[in-house]
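I opened my notebook to look through this structure one piece at a time. Here is what I looked up, in the order I went.

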Amino acid sequence: MLTVKESLLGKTREELTQLTIEMGLPTYTGGQLAYWLYKTPIDSFDQMTNVSKKARTALSERFDLGMKAPISESVSTDGTKKYLFNAGNGKFIEAAYIPDGVRHTLCVSSQVGCKMGCLFCMTGKQGFQGQLTAGEILNQLRSIPERAKITNIVYMGMGEPFDNLEAVMKSTAILTAEYGFAISVRKVTVSTIGIIPAMKVFLENSKCNLAVSLHTPFEDERKNLMPVQNVYPIKDVVETIQQYDLGKYRRVSIEYIMFKGLNDTRRHVNELARLLNKVNCRINLIRFHTIPGTPLESSDDATILDFQQALIAKGIVTTIRASRGQDIEAACGLLSTKELVKKKRENVSDQ
Amino acid sequence: MKTKLKLSKVKVIRQREISPGVFVLSFIRPWDFTAGQVVGLAGHENDEARLYSIASGELDEEVDILYNINPDGKLTPWMAQLNTADNLWVSEPFGSFTGDEEKAWWIASGTGIAPFASMFRTGLFKNKKIIHGGKDLQSFYFHQLFEPELNENYIRCSSRENGEGIYHGRITKYLREHSNLPLDEKYYLCGSAEMVVDARDILIEKGIPFDNIISEIYF
C-alpha cells in the first residue's frame, strides 16, 4: 500500500526542531531544515549539504519535502503569468505572478474552490472542494521560477482566506519570519469578504495588511452580490476594523469591483464616504472581468475614473487597479474551472 | 485558534437522530431571534464556533439545531455524543437571511432546510413553495411538518432514490425542467455552495432578476 509521507514545507522552525528532537537528531537540524526549505531552491534531501547523511536518510524515510511544481503556466503579453497546480483528486488551484517594475506580486490561493458563493466570482462556481494546508499555500511561492524575485504576496486567489484561518495564519507567519521567506509584513496582504470572528483573530495576531471586498456600501445590494452579508454585514465589518489600532504602517484596503449601473453612482460614492468615514483605508477600484453566466457587466473606464475622482474629492485615497493578464483568463478561478470541467468530461468519456 | 464570537453555556435537553447521521439537538431558548438566523456552536468556551441555522420557530420554548455528522470535523462527531443535561456553548443569534409574508420559493439541499423550518414554524408558510433536495428518501427532514400544509407546493427532489410523489433528480434538474418560473417572486436558497451557485445560475438564466435571489451559504 502506498503511504503518503508528511510534508515538511509549511512547518514552522519550532515544529521542525520538535520533530528532529523526536527523531533523536541534533536540535540544530530544525534550523537547518528551515534554511533549506525557505531560503534555497533545493528539491531533495540530498542537496541539504550541511545535514548529516544519516539525518537526511532518516528524514527522507519519514517525510516528503512538500514541493510540487506547477503543472502548467500561461503567459500574458503584459508579463503576467498564471500557474496551475494539481491539488490532488482531479482538483486544481491557481497562482498569478504579476510583475510591475520593481514590484513582483504573487497572488496565492488559500482553498480549492470556495464556499462563499459571490455572484461575480468564477471560483465560487466550482463549489468548495477542500482546504489548502500552510505548505500547499507556501508551495505556490516556493515552486515557481520567479520565487526569488517576489516582493509582495496577496491572498486574493481562489478561496476565502479567513475560512481557512489556521493554515493562512501559519503560512503568513512563515512568509514573514526571518528564518522563513523573510518578506516584510507590509508586503503581505490577506483579503477577505468579511468573516468577522476570523478577521479579529487576524487583526490581533498578525501584522500583515488587510483587504476587504466591499463592492457596495448598501446592505440589500451587497446581499444580492455576496451571501456573506446575511451573516456578517459590512457595517459590522467596518465597525470591527475601527476598533483596532492599526499603527502607522499597516494598511487596510477596500476592494471595490465596479459593476455597470449597479454600484457606480454618486449615491454609492456618498454612502461609501459615510461608511468609511472613520477608517484609515484606501479604496481600490477594480474593473470586472466578465465571467460566464453572470448578469453583471463592468462599468466603463469613464465611469470608473469619475467614481475615483468623486471619492478623492471626499478625501479618500482611491486607486484604480490595472487590469493584468486579460489574455490568459485573468479572472480568478477561470483556468482551474476549465481544467476541472475538462477532467470531469474525461472521466465521463472513460466510463 | 480562538475566534471571537461570545459564547454562553446551555444545557442540552434533547437529542434525536431523525435520519442516519442526522440529528436535531434542542436546548431551552435563552434569547429572542428572527426565523432564519444562525447561532455559533462550540464544545468549549474557547473553541472555534461553527455556525448553524436555527430550525425552531420564533415562539417555541426550545431552540432546535439540525445538523449532520461531518466525519472530518471536530464539532459534529462530538455533538452527536451529547446527552440530556450535557453542556454546549452557544452564541447569540444573528444574521439577516430572514423571511417575510411575501410569495417566495424556499429552495434547500440537505440540512439547508433548517432556516425554512424555522420560518415555517414561525407561521410564514403561506404563499410559499418548498423545493428540498436530498440524496435519498430519508433526506427530507421535517417532511411531516411541511407536507400537510403545503401539499403540491412541497417538492422533494431525490438524486439517488425513487419514491412515490418524489421528483427523481437534483434540485438543479428540477429547476431546469421547470418552465414559467415566476419572475416577480423571491427565491431563497440555502445549502451547499455548489447547489446555491448552480441553482442561482439557472434562475438567472431563466430570467429571474438576481436581486430576487437571496442566498445563504454554509461555511
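This is a predicted model: local features need pLDDT of at least 70, side-chain atom pairs count only at pLDDT 80 or more; totals for chains, interfaces and linings use all residues.

**Entry 1: the two domains of chain B**

The C-alpha centres of domain 1 and domain 2 of chain B are 23 Å apart. I noted the bounds too: domain 1 of chain B covers 7-91, and domain 2 of chain B covers 104-217. Where they meet, 16 residues of domain 1 of chain B are in contact with 13 residues of domain 2 of chain B.

Which elements give two or more residues to the domain 1 side of that contact in chain B? I found strand E1 (7-19) and strand E5 (62-68) of chain B. E5(B) gives the most to this side, with three residues. I then sorted the residues on the domain 1 side by class and got eight nonpolar, six polar and two charged.

**Entry 2: a sheet in chain B**

Next I traced an open sheet of six strands in chain B, in the order E10-E9-E8-E7-E11-E12, with parallel pairing. Which strands stand at the edges? They are strand E10 (167-168) and strand E12 (213-217) of chain B. Each has a single partner strand, so one side of each is left without a neighbour in the sheet.

I zoomed in on one pair, strand E8 (residues 128-134) and strand E9 (residues 154-158) of chain B, which pair in the parallel sense over five bridges. I also wrote down that B:His132 stands opposite B:Arg156 in E9(B).

**Entry 3: the two domains of chain A**

I moved on to chain A, where the domain assignment gives domain 1 (6-64) and domain 2 (72-342). Their C-alpha centres lie 33 Å apart. The contact takes nine residues from domain 1 of chain A and 14 residues from domain 2 of chain A. On the domain 1 side, the largest share is three residues, from helix H2 (residues 29-39) of chain A. By class, I listed that side as four nonpolar, four polar and one charged.

Then I looked at helix H9 (residues 266-275) of chain A, where A:His268, A:Val269 and A:Leu272 are buried. Why do these three count as being on the same side of H9(A)? They cover an arc of only 105° around the axis, and that puts them on the same side. A handy reminder for me: an α-helix has 3.6 residues a turn, so residues three or four places apart point the same way.

The buried residues of H9(A) pack against helix H10 (301-313) of chain A. The face of H9(A) turned away from them carries the exposed residues A:Arg266, A:Arg267 and A:Arg274.

**Entry 4: one arginine**

I picked A:Arg147, in the loop between helix H4 (134-142) and strand E9 (152-155) of chain A. I marked A:Arg147 as partly exposed because it has 16 C-beta neighbours inside 10 Å. Leaving out residues up to four places away in sequence, A:Arg147 touches A:Pro41, A:Leu141 and A:Arg142.

**Entry 5: where the chains meet**

Last, I checked the contact between the chains: 25 residues of chain A are in contact with 26 residues of chain B. On the chain A side, helix H5 (165-176), helix H6 (196-205) and helix H7 (219-225) each supply at least two residues. H6(A) gives the most, with four residues.

Methods. Residues are numbered from 1 along each chain as its sequence is written. Chains are lettered from A and ligands numbered from 1 in the order in which they are written. A residue is buried if 20 or more other C-beta atoms lie within 10 Å of its own, exposed if 12 or fewer, and partly exposed in between; C-beta atoms are placed from the backbone. Two residues are in contact if their C-beta atoms, placed from the backbone, lie within 7 Å. Domain bounds come from an automatic or database domain assignment. Ala, Val, Leu, Ile, Met, Phe, Trp, Tyr, Cys and Pro count as nonpolar, Asp, Glu, Lys and Arg as charged, and the others, Gly among them, as polar. The arc is that of the directions from the helix axis to the C-beta atoms. Two strands pair if DSSP finds at least two bridges between them.
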